[in-house]
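Student: I would like a close look at one part of this model, the metal site and its surroundings. Please take me through it step by step.

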Amino acid sequence: MTQKVIPAILTSDPEDLRAKLQLFKAESEWMHIDIMDGKFVSNVSVSVRDLLAPEGRGKDFRLEIHLMVQNPQAYLKDCLATRDPAKRDKDRGVGRIIVHQEATGDIRKALREMKAYGLEVGIALNPATPINVLALHANDVASVLIMGVTPGLQGQEFMPSVLEKIPAIKKDFPHLQIGVDGGVGEENISTIFQAGADYAVVGSKIFATQDPVEAFKKLEEML
Ligand code: DX5
Ligand code: ZN
């Protein structure tokens, strides 16, 4: 069972990444880390390697690594390295890896390889991508991440039309856990959960406030 609200860090500055993780240490078990390659989306982010210990702090959390990249398979090794090999602790470091349906690499191969390493794998759908594409991957993934915005930036407005996907996924692919990412805040989080989401990813409505931990707790209390 995943926590319901997962804070999202989207940054190109490794110091900023560390500071944000530090803020949430002992406050949130899960953190969502946005990784961008400048090709799948035009922005570039920190790299997965920036999460590595000791100073990276990735091992203090269960990480949902959201790969907004063309070739997800190329990131697998670094994602696995965020786990502590000495402790073999599967509850810390990468816990879930999210691959985009719209990526150009061999997605099926990437998903299967990730799964073979014991990772929970999810597939993200851009706002314009219909849910029938899930039929191709439904046996390889445990979750689907519905994008409420065009990926690449924080602070964009949620597209309410994507909510229709939730009941449709529940009907056709009932085993999939459903997350919603992008544009989530106080004004729409209840509607998103009423539609049937299992968890929501929140970036700017947490981190662009005076007190991010307080903002996170407030959203959780709304559910
Ligand atoms: C969008 C990212 C989201 C983003 C969420 O490209 O995948 O995870 O960080 O930020 P907000 O909540 O501000 O849309
Ligand atoms: Zn994301």
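Tutor: In this predicted model, the six donor atoms around the zinc ion (ligand 2) subtend angles of 74 to 172°, and the arrangement is therefore octahedral. The reasoning needs a cut-off: six donors count as octahedral if opposite donors are over 155 degrees apart and all others lie between 65 and 115.

The protein side of the site consists of His32 through NE2, Asp34 through OD, His66 through ND1 and Asp181 through OD, which coordinate the zinc ion (ligand 2) at 2.1 to 2.3 Å. Along the sequence, the spacing of these donor residues reads H-x1-D-x31-H-x114-D. The two histidines link distant parts of the chain: His32 belongs to strand E2 (residues 30-36) and His66 to strand E3 (residues 62-68), 34 residues apart. His32 and His66 are both buried.

Next comes ligand 1. There are 18 residues around ligand 1, and those that come nearest are Asp34, Gly152, Asp181, Gly203 and Ser204.

Polar contacts can be listed by residue. At Ser204, an N or O atom of the side chain lies 2.5 Å from an oxygen atom of ligand 1. At Gly152, a polar backbone atom is 2.7 Å from an oxygen atom of ligand 1.

Terms used:
Residues numbered from 1 in each chain as written. Chains lettered and ligands numbered in written order. Predicted model: local features only at pLDDT ≥ 70, side-chain atom pairs only at ≥ 80, totals over all residues. Heavy atoms only, no water. Donors = N, O, S within 2.8 Å, 3.2 Å for Na, K, Ca; no water. Tetrahedral: all angles 85-135°; square planar, octahedral: opposite > 155°, others 65-115°. Helix = DSSP H or I, 4+ residues; strand = E, 2+ residues; numbered from the N terminus. Buried < 20%, exposed > 50% of the residue type's maximum accessible area, 1.4 Å probe, protein only. Near = heavy atom within 4 Å. Polar contact = N/O pair within 3.5 Å; in protein donor to acceptor, adjacent residues only side chain to side chain.
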